[in-house]
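These are my notebook entries on a single protein chain.

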Amino acid sequence: MSKIQIYDPAMCCSSGVCGPQVDPVLPRFASDLEWLKSKGHQVERFNLGQQPAEYASNPTVQQLLQAEGVDCLPLVLVDGRVMSRSEYPTRENLALWTGTQLKASALPVVSDEAGDCCGSSGCC
């Protein structure tokens, strides 16, 4: 299982629902992180405004902050490697980086060999 670390910019909370306008990306991303946890991955999330020592104690994060400033946030590290900076990744990217399978489609697959859209059921 992978270790995912998220270094957020300073904000009131990780869900973003406390501000005057809710950024729809933040609740989606929080949901994606809960999904990763449910798959057995270790997820750590830090807020610059509340946990600045976590930023200073990670040499990779510290180096990026010195070079680029807070514009590099949010940073997403997977097993210590920077996988994303300056934006929140999609669930598809998180799945790819952690080797986690996304839920397969619930729709049945129809074979082209059957000759019609319903297979051999005779409905059409």
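Predicted model: local features only at pLDDT ≥ 70, side-chain atom pairs only at ≥ 80, totals over all residues.

I count a contact wherever heavy atoms lie within 4.5 Å. I take helices (H or I, at least four residues) and strands (E, at least two) as DSSP runs, numbered from the N terminus. Residues are numbered from 1 along each chain as its sequence is written, and side-chain values use heavy atoms, with hydrogens and water left out.

**Entry 1. Overall layout**

I found 4 helices and 4 strands in the protein chain, and along the sequence they follow the pattern β-α-β-α-α-β-β-α. I call a residue buried under 20% relative accessible area, exposed over 50% and partly exposed in between (1.4 Å probe, protein chains only). By that criterion, buried residues make up 32% of the 124 residues in the protein chain. I then looked at contacts with a separation of 6 or more: residues 24 or more positions apart account for 58% of them.

**Entry 2. The sheet**

I treat two strands as paired if DSSP finds at least two bridges between them. The 4 strands form an open sheet with mixed pairing, in the order β2-β1-β3-β4. β2 (42-47) and β4 (81-85) each have a single partner strand and stand at the edges, so one side of each has no neighbour in the sheet. For angles I use axes that are lines fitted to C-alpha atoms, for helices over the stretch in contact; angles run from 0 to 180 degrees between N-to-C directions. On average, with direction ignored, neighbouring strands of the sheet are turned by 20° against each other.

I next examined the pairing of β1 with β3, which is antiparallel over 4 bridges. Y7 stands opposite L75 in β3. Two helices were then checked against the sheet. α1 packs on the sheet and touches β1, β2 and β3, its direction making about 150° with that of β2. α4 also packs on the sheet, touching β1, β3 and β4, and its direction makes about 30° with that of β3.

**Entry 3. Nonpolar cores**

I define a nonpolar core as a set of buried Ala, Val, Leu, Ile, Met, Phe, Trp, Tyr and Cys residues joined through side-chain atoms within 4.5 Å. Which residues have the most contacts inside the largest nonpolar core? I noted I4, I6, F29, L33, L36, V43 and V76, in a core of 14 residues. At least two residues of this core come from each of β1 (3-8), α1 (25-38), β3 (75-78) and α4 (91-98). α1 gives the most, with 5 residues. Apart from this core lies another, of 10 residues, including Y55, V61, L73 and L75.

I followed V43 individually. Neighbours within four places in sequence aside, V43 is in contact with I4, I6, L33, L36 and K37.

**Entry 4. Helix α3**

Helix α3 (residues 59-68) has V61, L64 and L65 as its buried residues. These cover an arc of only 100° around the axis, which puts them on the same side of α3; I take the arc from the directions from the helix axis to the C-beta atoms. On the other side of α3, I recorded P59, Q63, Q66 and A67 as exposed. The buried residues of α3 pack against β1, α2 (52-57), β3 and β4. Just after α3, G69 takes a positive phi of about 75°.

**Entry 5. Helix α4**

In α4 the buried residues are L94, A95 and T98. Seen down the axis of α4, they fall within an arc of 100°, so they line one face of the helix. Their cover includes β1, α1 and β3. G99 follows α4, with a positive phi near 70°.

Is D32 buried or exposed? D32, which lies in helix α1, is buried, with a relative accessible area of 3%. Leaving aside neighbours within four places in sequence, I found D32 in contact with P89, T90, R91 and L94.

R91, in helix α4, is partly exposed at a relative accessible area of 24%. Not counting residues up to four places away in sequence, R91 touches R28, S31, D32, W35 and L102. R91 and L102 are 11 residues apart in sequence, and their C-alpha atoms are 8.5 Å apart in space.
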